[in-house]
Amino acid sequence: MSRRALLMGAAALAAAGPLAAATAARAAARTPKVLVIGLDGTLLKRIKDADAPHLDALMSAGLTSVSPLYADPMAPTLSGPGWSTIITGVWPDKHHVKDNAFTGNAFAQYPDFLTRIETAKPSLSTYAVASWGPVTDTIFSAKVDTRVSTPEAEYDTGTTSRAVAELAGGNRDAVFVHLDNVDHAGHSYGAASSQYLDAIHGVDTQVGQLVAAVRGRSTYGSEDWLIMVTADHGHTDAGGHGGSSAAERQTFLIASGAGITAGSTRYDIKMPDVAASALAHLGIAVNPAWGLDGRPLQQPTPDAFDALRPQLQTRVDETGTDGAVLGFTHTPPAGWTVDNSAMGTAGVTEWRGWTFTTDEFWTSAERGQWRETNVRARNVFAVADGDEWVDKDYTGTFDSTLISPAWPVRGGRTATLAYTSHYRQEDPQKGEVLVSYDGAAPVTVKTYTADSVSKAESLSLKVPAGVTTAQVRFRYTGGNNWFWAVDGVRLTSG
């Protein structure tokens with residue numbers, strides 16, 4: 001049964017070289033416009049299996065990124081939470097959508113990106129059309145210039161024809177199009193079926209019509225279009241979604257436009273980035289006060305852990321992870337160290353002490369234990385997982401410390417330590433953040449002894465007078481307890 005029935009920044013460009021800078025300069029002289037196409041319930045891996053020449057062409061011309069979803073208790077992998085996350089640019093713990101009823105949503109605080117466009121630049125024209133009515137009836141607000149919920153009898157055919165007309169003959173600046181039939185096929189036949197592939201072929205034809213309408217515009221040569229294609233959730237082979245399996249949690253972003261490297265693959269992109277990227281492309285600066293979780297794809301900000309991706313290896317003892325998946329290393333990035341001098345012996349190799357890993361590898365170790373809600377970490381991140389470490393004979397306790405480089409600071413001033421933290425508590429477990437100034441004894445600046453799930457942390461540090469360096473330590477102690485994941489660690493000095 002179908003769900004319908006169920007009711008890059010300037011610095012990055014400079015680093016990329018003169019060609020990229022020249023491309024950006026030419027784009028800046030054109031009128032920026034955005035097209036976001038949402039393909040409900042579509043799996044990227046099945047797009048690659050299907051006859052989908054138009055989507056293949058967009059991937060060849062731009063970037064492709066797999067973006068894993070959350071799972072319960074943050075939210076199930078349903079369309080309501082999924083589209084709300086993409087369209088508002090924040091995760092479900094902020095927009096508060098947990099199902100397809102949208103009860104208790106926080107859209108007033110975290111509005112859709114078209115509404116933010118209307119607020120920041122009212123002269124711009126916005127348009128949204130959807131085959132699933134709640135997208136245009138509920139998620140997008142009345143501030144959007146035009147919202148169309150396609151009559152069910154017209155379905156994706158009507159959605160496509162309406163969008164093509166607007167793109168070809170109108171003068172819209174930002175357009176969102178939602179197509180539903182792949183999700184329908186997933187529910188009716190399963191993602192492993194030929195019918196699911198046929199549905200992808202059908203929607204690919206419609207994507208081709210939308211792109212052709214953009215490129216056929218008489219003003220196309222003076223316009224700078226960013227085209228993004230994404231999905232709200234995946235599907236199981238048998239059909240359905242809502243759970244925590246890798247297939248249900250799989251989403252993706254295909255993006256094509258000026259300045260995007262053709263045929264590139266990105267690992268740092270997340271669902272909320274669609275909204276932030278659309279705003280950035282239209283010249284709307286993301287105000288930190290908005291509390292967005294997304295960041296513009298045009299402004300990648302890799303951290304030291306991300307550089308470890310080429311070093312990732314396949315499993316050793318971990319039985320839950322596919323043997324072909326590259327996903328862990330114990331070798332820290334340059335300047336970082338791991339102190340395992342107090343660490344117990346043996347246990348599961350992958351999780352002995354702090355480990356550098358990915359969502360795909362870590363969440364498959366054991367599902368349904370909140371690892372899936374580590375949504376604010378990106379690409380490669382650091383994990384201390386006592387719960388998984390003890391799944392093989394071991395001695396002692398888990399006691400491991402992740403140590404940063406000695407970063408420069410200004411004595412007598414305030415420094416800010418920022419990082420993402422995903423911590424799940426069970427006594428006698430403890431997480432500690434410590435700082436050492438100029439090599440002196442570390443001082444505890446934060447302690448975790450209660451659940452603190454997927455948080456963007458920002459700690460203000462009073463740097464002692466005369467000090468020139470600060471070194472940060474993340475110490476995790478426990479046994480057969482839970483875990484701590486850390487990412488994006490940065491120390492800035494005032």
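Reply: The side chains of Thr 115 and Ser 141 are joined by a polar contact of 2.5 Å. The model is a predicted one, in which local features need pLDDT of at least 70 and side-chain atom pairs pLDDT 80 or more, while totals for chains, interfaces and linings use all residues. Residues are numbered from 1 along each chain as its sequence is written, and side-chain values use heavy atoms, with hydrogens and water left out.

Me: What makes the pair Thr 115 and Ser 141 a polar contact?

Reply: The term requires a pair of N or O atoms within 3.5 Å, one able to donate a hydrogen and the other to accept it, and residues adjacent in sequence count only if both atoms are side-chain atoms. Beyond four places in sequence, Thr 115 touches Ser 141, Lys 143 and Val 144, where touching means heavy atoms within 4.5 Å.

Me: Why is Thr 115 called buried, and where is it found?

Reply: Thr 115 is found in helix α7, a helix being a DSSP run (H or I, at least four residues; strands are E, at least two) numbered from the N terminus. Buried means under 20% relative accessible area, exposed over 50% and partly exposed in between, with a 1.4 Å probe and protein chains only. Thr 115 stands at 5% relative accessibility and therefore counts as buried.

Me: How do you know how far α7 is enclosed?

Reply: Six of the eight residues of α7 are buried, so the helix is largely enclosed by the rest of the structure. These six are Phe 113, Leu 114, Thr 115, Arg 116, Ile 117 and Glu 118, and they pack against β1 (31–39), α5, β3 (126–130), β5 (174–179) and α13. At the start of α7, a side-chain oxygen of Asp 112 comes within 3.1 Å of the backbone nitrogen of Leu 114.

Me: What makes α7 and α13 roughly parallel?

Reply: The axes of α7 (residues 113–120) and α13 (residues 273–281) come within 10 Å and cross at roughly 25 degrees. Angles under 35 degrees count as roughly parallel, over 145 as roughly antiparallel, 65 to 115 as roughly perpendicular and the rest as oblique, and the two helices are therefore roughly parallel to each other. The crossing of α7 past α13 is right-handed, meaning that the near helix is turned clockwise from the far one by less than a right angle. Phe 113, Arg 116 and Ile 117 of α7 make this contact with Ala 275, Ala 278 and Leu 279 of α13, a set of five nonpolar residues, one charged and no polar.

Me: What makes His 235 a buried residue, and which side chain does its own side chain meet?

Reply: His 235 lies in the loop between β6 (223–230) and α12 (246–249), and its relative accessible area of 0% makes it buried. Its side chain makes a polar contact of 2.8 Å with that of Asp 183, which also belongs to the residues touched by His 235, among them Gly 41, His 187, Tyr 196 and His 241.

Me: How do you know that Tyr 448 is buried?

Reply: Tyr 448, whose place is in strand β18, has 3% relative accessibility and therefore counts as buried. Its side chain makes a polar contact of 2.7 Å with the side chain of Glu 457, and the residues that Tyr 448 touches include Tyr 419, Val 433 and Trp 484.

How values were computed. Axes are lines fitted to C-alpha atoms, for helices over the stretch in contact, and angles run from 0 to 180 degrees between N-to-C directions. Ala, Val, Leu, Ile, Met, Phe, Trp, Tyr, Cys and Pro count as nonpolar, Asp, Glu, Lys and Arg as charged, and the others, Gly among them, as polar.
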